[in-house]
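Look at the structure below with its sequence beside it.

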Amino acid sequence: MATYKSDIYTIQSQSTGDNRADGRLLAGKVRQATASVTLNSSLAATELINLVELPKGALVDPSQSFIQLANPGTALVADVGVPSDADALTPTALTLSSGGKVFFDTADDAPLYEVAEGDELVSITANTATTITGDTALRAVITYIDRN
């Protein structure tokens, strides 16, 4: 019978070298930043919605992060990212046109994203914004692992 090792245990069971696994994955705290914004009818393509600043070194879990909103109007397509990469947290643009709960990344192998220095600000970039209904409430929940 075979025995399999996780990524963490593979590091911990090394007989030579550094066998210390990433402390964030062993003893980090799972946190959720919840940011709300009210969209207005003047929202246009390429505009930014700044959501939250996360701690440098935090590990964002896109598979557990989402946007929730009512039907915002005719069309709303957006990316979620950081200053150096506008779609860092959404490998595929999010279609928010029908509203509902839309996860950042639903891939089975969605990687964790490490927040680098200078990239602490998480923002939504509107790619398409057509006939947005005024006073539409949008809530973004960003799940991350932090050591602090």
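The structure holds one cavity of 30 Å³ or more. A cavity is a set of points on a 1 Å grid over the protein atoms alone where a 1.4 Å probe fits but cannot get out, and its volume is the space filled by probe spheres set on the points, which are joined across faces, edges and corners. This is a predicted model, in which local features need pLDDT of at least 70 and side-chain atom pairs count only at pLDDT 80 or more, while totals for chains, interfaces and linings use all residues. Residues are numbered from 1 along each chain as its sequence is written, and side-chain values use heavy atoms, without hydrogens and water.

**Cavity**
- The volume of the largest cavity is about 30 Å³.
- Its lining (residues with an atom within 4 Å of a point) consists of Leu-43, Ile-49, Leu-76, Ala-78, Ile-124, Ala-126 and Leu-138.
- Strands β5 (73–81) and β9 (121–132) each give two or more residues to this lining.

**Chain**
- The protein chain has two helices and 10 strands, taken from DSSP runs (helices H or I, at least four residues; strands E, at least two) numbered from the N terminus.
- Of its 148 residues, 40% count as buried, meaning under 20% relative accessible area with a 1.4 Å probe, protein chains only.

**Asp-146**
- Asp-146 lies in strand β10 (residues 136–146).
- Asp-146 counts as buried because its relative accessibility is 7%.
- Beyond its neighbours within four places in sequence, Asp-146 is in contact (heavy atoms within 4.5 Å) with Gly-28, Lys-29, Arg-31 and Pro-55.

Key: Buried < 20%, exposed > 50% of the residue type's maximum accessible area, 1.4 Å probe, protein only. 1 Å grid on protein atoms, 1.4 Å probe; cavity = no way out; pocket = protein on both sides within 12 Å on 5 of 7 lines; lining within 4 Å.
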